[in-house]
There are 2 protein chains.
Amino acid sequence: MSGGVKLEVVLRVLGFVLSFVAAIVVGLDKQTKVIPALDLVVSAKWHYLSAFVYLFAVDIITSSYGLLSLLLTLTNKNQSNTSILLLIVLDTVMVALLSSGGGAAMAIGMIGYHGNSHVMWNKVCDIFGRFCKHVAVSTVLSLAGAVVFMSLVVLAVVDLQKRPK
Amino acid sequence: MSGGVKLEVVLRVLGFVLSFVAAIVVGLDKQTKVIPALDLVVSAKWHYLSAFVYLFAVDIITSSYGLLSLLLTLTNKNQSNTSILLLIVLDTVMVALLSSGGGAAMAIGMIGYHGNSHVMWNKVCDIFGRFCKHVAVSTVLSLAGAVVFMSLVVLAVVDLQKRPK
């Protein structure tokens with residue numbers, strides 16, 4: 001296994017792990033709180049907000065692709081031009097998906113943490129602190145995943161440039 | 001000018017125009033409404049929500065890069081490996097930026113249009129219809145820009161693969 005392929009394997013494992021853990025963290029996220037003053041039980045669940053559902057879907061797609069592309073890299077030693085191009089295109093699509101999922105979750109998270117007086121959306125993270133922290137962790141992991149898939153694109157291009165002429 | 005370079009120029013012009021128009025549409029977005037029943041004047045401005053400020057910033061960065069990289073493509077005929085790699089890396093970064101900006105604006109827009117009863121964030125687009133429509137237009141343009149920069153990555157890789165061995 002050459003140095004380039006070794007690095008690719010490490011990055012694909014990393015891309016899979018980051019997005020898989022991100023999916024688990026957001027997909028299991030829920031918190032229930034009792035507010036004694038109001039004698040009220042309130043719950044926060046990840047599927048209440050479409051941005052978090054999108055983040056979960058994106059992480060599932062990305063981790064599945066990460067695993068599949070890892071197996072492809074390990075089994076297919078002499079890759080054709082077409083399969084190299086396909087992997088670069090799909091790696092770039094994963095960058096876009098993870099970035100948009102991270103962006104969406106971060107936008108909602110910002111309102112959750114700080115609220116917005118102009119539209120009268122109150123903050124909720126003062127009540128659901130643990131829930132918000134889990135969303136934040138999943139967002140950071142997903143964005144780190146985007147950086148990993150970006151690195152895979154760069155690595156593939158460098159490999160193409162290094163080919164003997 | 002070869003076919004590949006011509007297509008690259010067209011795509012860079014398109015990437016610049018899409019993100020520039022997206023920046024203008026969101027950056028000039030505001031709406032004021034009088035609510036006679038309450039004798040109240042209410043305003044929606046793009047910089048009230050950090051997701052829209054982020055979308056604007058991303059569109060400004062991307063359109064500036066689009067223009068700069070267009071000039072570079074037009075003036076630099078024989079690109080070195082380093083400059084090709086740099087352009088691919090930056091094109092991929094633009095994909096990530098535009099996707100995250102589009103994702104953030106779409107997440108907030110969804111709440112604006114439909115509200116969310118779980119966190120008690122009320123919809124606002126029934127009052128500020130034109131404002132929300134402009135945000136939606138800017139979001140779609142930005143995401144189209146992401147697709148254009150993705151196409152530029154694919155084009156560059158195909159060009160590298162076509163090089164005489």
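A residue is taken as buried when its relative accessible area is under 20% and as exposed when that area is over 50%, with partly exposed in between. These terms are applied below to a predicted model, which scores ipTM 0.94 and pTM 0.95.

Confidence was examined for chain A. The mean pLDDT of chain A is 94, and 99% of its residues reach 70 or more. Among the elements of this chain, helix H3 (residues 81-114) has the highest mean pLDDT, at 97, whereas strand S1 (residues 30-35) has the lowest, at 90. Where pLDDT is low, the predicted coordinates should not be read in detail.

An unreviewed UniProt entry places the feature "domain: Casparian strip membrane protein" at residues 5-147 of chain A. Over residues 5-147, chain A is 71% helix and 8% strand.

A search of the whole structure for disulfides returned two over all chains. A disulfide is a covalent bond between the sulfur atoms of two cysteines. In chain A, the bond joins A:Cys125 to A:Cys132, with an S to S distance of 2.0 Å. The torsion about the S-S bond of A:Cys125 and A:Cys132 is about -85°, so this disulfide is left-handed. A:Cys125 has a relative accessible area of 9% and is therefore buried. A:Cys132 is likewise buried, with a relative accessible area of 8%.

In chain B, a disulfide joins B:Cys125 to B:Cys132, with an S to S distance of 1.9 Å. The link of B:Cys125 and B:Cys132 is left-handed, with -85° about the S-S bond. B:Cys125 counts as buried at 8% relative accessibility. For B:Cys132 the relative accessible area is 9%; B:Cys132 is buried because this value lies under the 20% cut-off.

The surface of chain A was also examined for nonpolar side chains. A:Val13, A:Val17 and A:Val21 form a nonpolar patch on the surface, and their accessible area together is about 190 Å². A:Val13 lies in helix H1 (residues 3-27) of chain A. The relative accessible area of A:Val13 is 34%, so this residue is partly exposed. A:Val13 thus contributes to a surface patch, whereas A:Cys125 and A:Cys132 are buried.

Technical notes. Residues are numbered from 1 along each chain as its sequence is written. Chains are lettered from A and ligands numbered from 1 in the order in which they are written. This is a predicted model: local features need pLDDT of at least 70, side-chain atom pairs count only at pLDDT 80 or more; totals for chains, interfaces and linings use all residues. Side-chain values use heavy atoms; hydrogens and water are left out. A disulfide is a pair of cysteine sulfur atoms within 2.5 Å. Buried means under 20% relative accessible area, exposed over 50%, partly exposed in between (1.4 Å probe, protein chains only). Patches are made of residues with over 30% relative accessible area and no salt bridge: like charges are joined within 9 Å, nonpolar side chains (Val, Leu, Ile, Met, Phe, Trp, Tyr) within 5 Å. Accessible areas come from the Shrake-Rupley method with a 1.4 Å probe; for residues, only the protein chains shown count as cover. A salt bridge is a side-chain nitrogen of Lys or Arg within 4 Å of a carboxyl oxygen of Asp or Glu. Helices (H or I, at least four residues) and strands (E, at least two) are DSSP runs, numbered from the N terminus. UniProt positions are given in the numbering used here, feature names are shortened, and annotations may be inferred rather than shown by experiment. pLDDT is the predictor's confidence in each residue, from 0 to 100.
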